[in-house]
Amino acid sequence: MAQPEVLFDYTGHLPECPTWSESEQALYWADILEYEIHRYDLRSGDHQVLQFPEEVGCFALRENGGFIVALRSAIWLSDKHGLLVRKICDNPGNPQLARFNDGGTDRDGRFYAGTFWGPGDYNGALLVRVDNQLKPKVIQCDIHGANGLAFSADKKWMYTSDTPNGVVYRTPLDNEGEPGQRDVFHQFSAGEGIPDGAAIDEEGCYWSAMFDGWRVVRFSPEGKILEEHRLPVRCPTMVCFGGEEMKTLFITTTRENMSAEEVRQYPLSGAIFTLPVSVAGMKKLPFVGA
């Protein structure tokens, strides 16, 4: 079985939202707690960092260039240099207690961003969608920490995870992409790790980064674990597919809340790993809108 390798000499604080640009052959990702979006060109080795005024929960590349980005207090359009050019909406929850977290686009190029309820006393987070006309809509609530967003190729299913609650959900979508009643896709037990960011491959299998679980897991469309890939760090945060044939899995990891002793013991915490896989992944679509 192939082993994960470090992408390049980099460790971040809370890297998340890895996003592959096929046209650029470059990987983008956010470091939420450093207020940054990074870009790494795999051909040249060039590494660029864009600074934002607040935590960057998630983002997507835009069809017209630049980003749609969910900062703590609001969702914005920005240019390719990170300059905020248009506010789409405020955080529909409480931005002091729930920053934006995981997100991405569906198969129609709409943008989704979930929040993470900081106090942890109840499921106070939500999932908001921005459509192609830049209209926001809250589509799910009763979430502690929104994560694991992915969509099936046939547009019939949305996958999400609630990381603190250790559960992956599958939600049916109608012909207009409106969600129905979510169901439990997989529930993890204590000690197994908890499901974080995710991606879908061409066989419809769901890949989940197992935070506090030292590994990445591949599920069948029926929720059965098919593969597990061990990592040399405790907390992977998200995965995405990329590379020339879409057969490279990029894996972000974190060192958030780790002691100095753990960082010394596991110095690659916060690095980005690559893992060659046998099945190509689904391409992330850019945000289609203004």
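**The largest pocket and its surroundings**

Reply: In this predicted model, 29 residues line the largest pocket, and W20, T105, K283, K284 and L285 are those nearest its centre. The space in the largest pocket amounts to about 550 Å³.

Me: What makes a residue part of the lining of a pocket?

Reply: A lining residue has an atom within 4 Å of a point of the pocket. For the largest pocket, 29 residues are counted as lining. At least two residues of this lining come from each of β2, β6 (56-61), β10 (98-105), β14 (146-151), β18 (194-200) and β22.

Me: Why is T163 called buried?

Reply: The relative accessible area of T163 is 5%. Buried means under 20%, and T163 is therefore buried. In the chain, T163 belongs to the loop between β15 (157-162) and β16 (167-172).

Me: What makes the approach of T163 to N147 a polar contact?

Reply: The side chains of T163 and N147 are joined at 2.8 Å, and the limit for a pair of N or O atoms is 3.5 Å. The pair is accordingly listed as a polar contact. A polar atom of the T163 side chain also lies 2.7 Å from the backbone oxygen of P195. When neighbours within four places in sequence are set aside, the residues in contact with T163 are G145, N147, I194, P195 and D196.

Me: Why are β1 and β22 described as standing at the edges?

Reply: These strands belong to an open sheet of four strands in the order β1-β24-β23-β22, with antiparallel pairing. β1 (5-6) and β22 (236-242) each have a single partner strand, so one side of each lacks a neighbour in the sheet.

Me: What makes β2 and β5 edge strands?

Reply: Another open sheet has four strands in the order β2-β3-β4-β5, paired antiparallel. β2 (15-21) and β5 (47-51) each pair on one side only, and they are the edge strands. From one strand to the next, the twist averages 20°.

Me: How do you know that β3 and β4 are paired?

Reply: At least two bridges are needed. β3 (residues 26-31) and β4 (residues 36-41) have six, in the antiparallel sense, and they thus qualify as a pair. Within this pairing, L27 stands opposite Y40 in β4.

Methods. Residues are numbered from 1 along each chain as its sequence is written. This is a predicted model: local features need pLDDT of at least 70, side-chain atom pairs count only at pLDDT 80 or more; totals for chains, interfaces and linings use all residues. Side-chain values use heavy atoms; hydrogens and water are left out. Buried means under 20% relative accessible area, exposed over 50%, partly exposed in between (1.4 Å probe, protein chains only). A polar contact is a pair of N or O atoms within 3.5 Å; within protein, one must be able to donate a hydrogen and the other to accept it, and residues adjacent in sequence count only if both atoms are side-chain atoms. Contact means heavy atoms within 4.5 Å. Axes are lines fitted to C-alpha atoms, for helices over the stretch in contact, and angles run from 0 to 180 degrees between N-to-C directions. On a 1 Å grid over the protein atoms alone, a cavity is a set of points where a 1.4 Å probe fits but cannot get out, and a pocket is an open set with protein on both sides within 12 Å along at least five of seven lines; lining residues have an atom within 4 Å of a point. Grid points are joined across faces, edges and corners, and a volume is the space filled by probe spheres set on the points.
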